[in-house]
Amino acid sequence: MRKALAALLLVSLFVFPFFSEMFVLLFATEILIFSIFALSFNLLFGCTGLLSFGHAAFFGIGGYTAVLLAYHTHMGFIPILLLSAVAAFFSACIIGFFCVRRDEIYFAMLTLGFGMMVFTVVHQWRSLTGGSDGLSGFSLPELSLLFAKVSISPPKTFYFLTLFFFLATLLFLKRLLDSPFGLIIRSIRENPERSAFIGVNVSFYRWVSFVIAGTLAGVAGVLFVFYDRMASPSMVHWTMSARPVLMSILGGARSFLGPVIGAVVFYILEYIVTQFTENWMIFLGCILVPIVIFFPDGILGSLEKWIAKRRGRK
Amino acid sequence: MTPILKVEKLTKCFGDFCAVKNVSLEVMKEEIVALIGPNGAGKTTFYNVLTGRYKATSGRVIFCGKDITNLSPHRIVRLGLSRSFQITNIFLENTVLENLLAPILIREGLGLAFLKKLHKCEKQIQEAHRILELIGLSDKADVPASLLAYGDKRAVEIGIVLAAKPKMVLLDEPTAGMTPVETDKMISLIKKLFEETKITFLITEHDMKVVFSIAKRIFVLHQGELLAQGTPEEIRANPKVREAYLGGSVDA
Ligand SMILES: Nc1ncnc2c1ncn2[C@@H]1O[C@H](COP(=O)(O)OP(=O)(O)O)[C@@H](O)[C@H]1O
Ligand SMILES: [Mg+2]
């Protein structure tokens with residue numbers, strides 16, 4: 001049943017671009033990008049038990065690095081992606097090193113603080129980042145596949161490129177969480193103190209998780225700038241850090257696909273609501289509050305529990 | 001015989017109040033000893049300093065000939081000194097098996113084995129099952145720890161300690177909050193573990209009955225100070241101990 005559903009979803013992800021309107025295709029691409037971003041965030045939040053309010057820093061660092069490389073060099077898509085991921089990796093190493101010294105609300109405050117620092121740098125350093133205007137008007141890098149060079153400009157191509165990275169992220173995270181490392185970070189989430197007393201260097205493992213999450217967010221950032229054809233400071237604004245938080249809670253932080261469901265619901269709601277009103281955030285708040293109060297496991301988490309319960313009764 | 005644990009003039013103060021005062025003691029290899037004292041005597045605080053949870057105000061802790069004073073908890077565990085908690089402190093949402101598997105994986109340096117699948121860590125899973133058998137929870141391997149009865153949770157607490165394959169174990173009131181039946185079960189478990197593993201045990205208790213049935217040697221802590229030490233008979237006969245315990249319960 002589960003497998004059949006997954007297969008059906010997967011097939012439709014591959015097939016629908018050939019039948020859909022341009023608008024839907026772009027919409028789906030953006031959702032996939034934000035799914036990667038939210039999944040990376042949830043490695044920290046749902047899996048390791050650390051709530052970051054500064055995750056957009058790595059989304060932005062990945063994105064800006066990619067745009068700068070596209071501007072100033074003639075590199076292809078893959079080298080740009082790799083270098084941008086490396087930039088996100090190193091900044092996550094440094095920022096994470098300080099943030100994992102504390103946990104709970106103090107960790108959240110540290111990440112918020114670092115996020116604001118990154119925003120300020122991006123916003124003020126006009127000569128490099130274009131300041132509040134951001135960076136646009138660069139030519140998209142080409143994708144080298146074996147011996148062919150492919151333009152990533154057609155929406156369909158870009159959609160499949162994004163889909164590839166989305167599926168790779170899912171496989172990677174699944175593998176990670178099924179490994180001994182996955183058990184250790186789950187144990188840390190459960191009970192950080194006891195983890196130390198079984199021999200776990202808790203801040204080290206939190207740091208590793210932070211760095212993986214930051215690097216993945218950087219990859220999502222690269223996809224986003226080439227999708228959006230620009231890098232703007234809104235990418236590193238704290239409201240951008242709030243997005244994966246909302247998505248994960250909406251979908252269910254304890255469910256593997258929770259952040260993805262959250263991203264889908266977030267975008268569909270936003271689309272519907274903004275047709276009626278400018279103040280979509282108020283509406284989002286009205287949905288989020290009852291979800292947190294009545295369904296703390298999120299949409300997918302509650303659904304999974306409900307199914308498990310019904311199975312148990314039969 | 002060489003001491004495995006040597007505590008030298010250990011003091012722990014919280015502001016003006018000192019919960020552990022100038023305590024010196026030695027525990028020999030493969031010994032099973034108890035640290036007793038009424039509630040508030042400073043037993044848990046003593047453990048907290050030994051295991052790196054609190055920083056010592058002064059004094060030294062030597063374990064296996066190495067100064068471990070104020071090392072961080074995970075390093076002390078890696079050196080072979082593992083502890084249990086008076087208030088059950090386990091991984092509630094993980095299964096019983098996972099509770100024991102995590103310390104084993106860490107000990108074997110597999111914590112960062114990203115590409116290995118958990119269920120393929122057969123050697124480690126087997127070892128976890130052996131410990132499950134030892135603590136009598138083989139049939140509960142895949143049950144989330146939160147669903148266990150209180151006595152079984154206490155057994156998992158002990159299992160986690162053993163999974164770290166320690167040279168020495170500190171148990172903090174292993175029978176705390178247990179019914180008489182559960183207490184008897186726990187006592188026979190500890191005796192069995194000691195006989196089968198030959199790990200060095202230091203056990204705190206406030207229940208005299210438990211202590212006299214397990215320990216070969218006893219330390220008495222009273223208001224943070226080491227009041228006496230000796231065999232159960234010596235402790236029973238010690239007038240200072242009798243006074244500290246207000247007579248009665250030492251005979252129990
Ligand atoms: N973190 C702490 N801060 C202040 N006082 C403490 C702290 N931990 C323990 N104490 C005090 O130290 C004394 C000894 O406590 P404890 O070590 O728990 O005793 P025991 O385990 O023998 O019952 C108690 O008076 C307790 O209130
Ligand atoms: Mg105590």
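This is a predicted model: local features need pLDDT of at least 70, side-chain atom pairs count only at pLDDT 80 or more; totals for chains, interfaces and linings use all residues.
Which backbone oxygen lies 2.8 Å from a polar atom of the side chain of B:Lys43? It belongs to B:Gly37.

B:Lys43 sits in helix H1 of chain B. Its relative accessible area is 4%, so B:Lys43 is buried. Setting aside neighbours within four places in sequence, B:Lys43 has contacts with B:Leu35, B:Ile36, B:Gly37 and B:Pro38, and also with B:Glu173, B:Thr204, B:Glu205 and B:Leu221.

Of the 8 residues of H1(B), 7 are buried, so the helix is largely enclosed by the rest of the structure. The buried ones are B:Lys43, B:Thr45, B:Phe46, B:Tyr47, B:Asn48, B:Val49 and B:Leu50. After the helix comes B:Gly52, which has a positive phi, near 85 degrees.

B:Thr44 belongs to helix H1 of chain B, while B:Gln86 is in the loop between strand E6 and helix H3, so the pair ties together parts that are 42 residues apart in sequence.

Now to where the chains meet. The size of an interface is often given as the accessible area lost when the parts come together. Between chain A and chain B, the buried area is about 2700 Å², with carbon and sulfur atoms giving 61% of it. In terms of residues, 27 from chain A are in contact with 33 from chain B. The interface has 4 salt bridges, and 15 residue pairs are in polar contact across it. On the chain A side, helices H7, H8, H9 and H10 each supply at least two residues. The largest share, 8 residues, comes from H8(A). Sorted by class, that side has 13 nonpolar, 6 polar and 8 charged residues.

What of the accessibility of its two partners? A:Glu193 is partly exposed, with a relative accessible area of 32%. B:Arg53 is also partly exposed, at 30%.

Over all chains, the structure has 20 salt bridges. A:Asp178 pairs with A:Lys174, their closest N and O atoms being 3.7 Å apart. A:Asp178 is partly exposed at 33% relative accessibility, and A:Lys174 is partly exposed at 41%. A:Glu190 and A:Arg189 form a salt bridge as well, at 3.8 Å from N to O. Here both A:Glu190 and A:Arg189 are buried.

Last, a residue elsewhere in chain B. B:Met178 is in the loop between strand E7 and helix H6 of that chain. With 13% relative accessibility, B:Met178 counts as buried. Beyond its neighbours within four places in sequence, B:Met178 is in contact with B:Tyr150, B:Gly151, B:Arg154, B:Thr183 and B:Met186. One of these, B:Arg154, is 24 residues away along the chain, and its C-alpha atom is separated from that of B:Met178 by 9.0 Å.

Notes:
Residues are numbered from 1 along each chain as its sequence is written. Chains are lettered from A and ligands numbered from 1 in the order in which they are written. Side-chain values use heavy atoms; hydrogens and water are left out. Helices (H or I, at least four residues) and strands (E, at least two) are DSSP runs, numbered from the N terminus. Contact means heavy atoms within 4.5 Å. Buried area is the accessible area (1.4 Å probe) that two parts lose on being put together, summed over both. A salt bridge is a side-chain nitrogen of Lys or Arg within 4 Å of a carboxyl oxygen of Asp or Glu. A polar contact is a pair of N or O atoms within 3.5 Å; within protein, one must be able to donate a hydrogen and the other to accept it, and residues adjacent in sequence count only if both atoms are side-chain atoms. Ala, Val, Leu, Ile, Met, Phe, Trp, Tyr, Cys and Pro count as nonpolar, Asp, Glu, Lys and Arg as charged, and the others, Gly among them, as polar. Buried means under 20% relative accessible area, exposed over 50%, partly exposed in between (1.4 Å probe, protein chains only).
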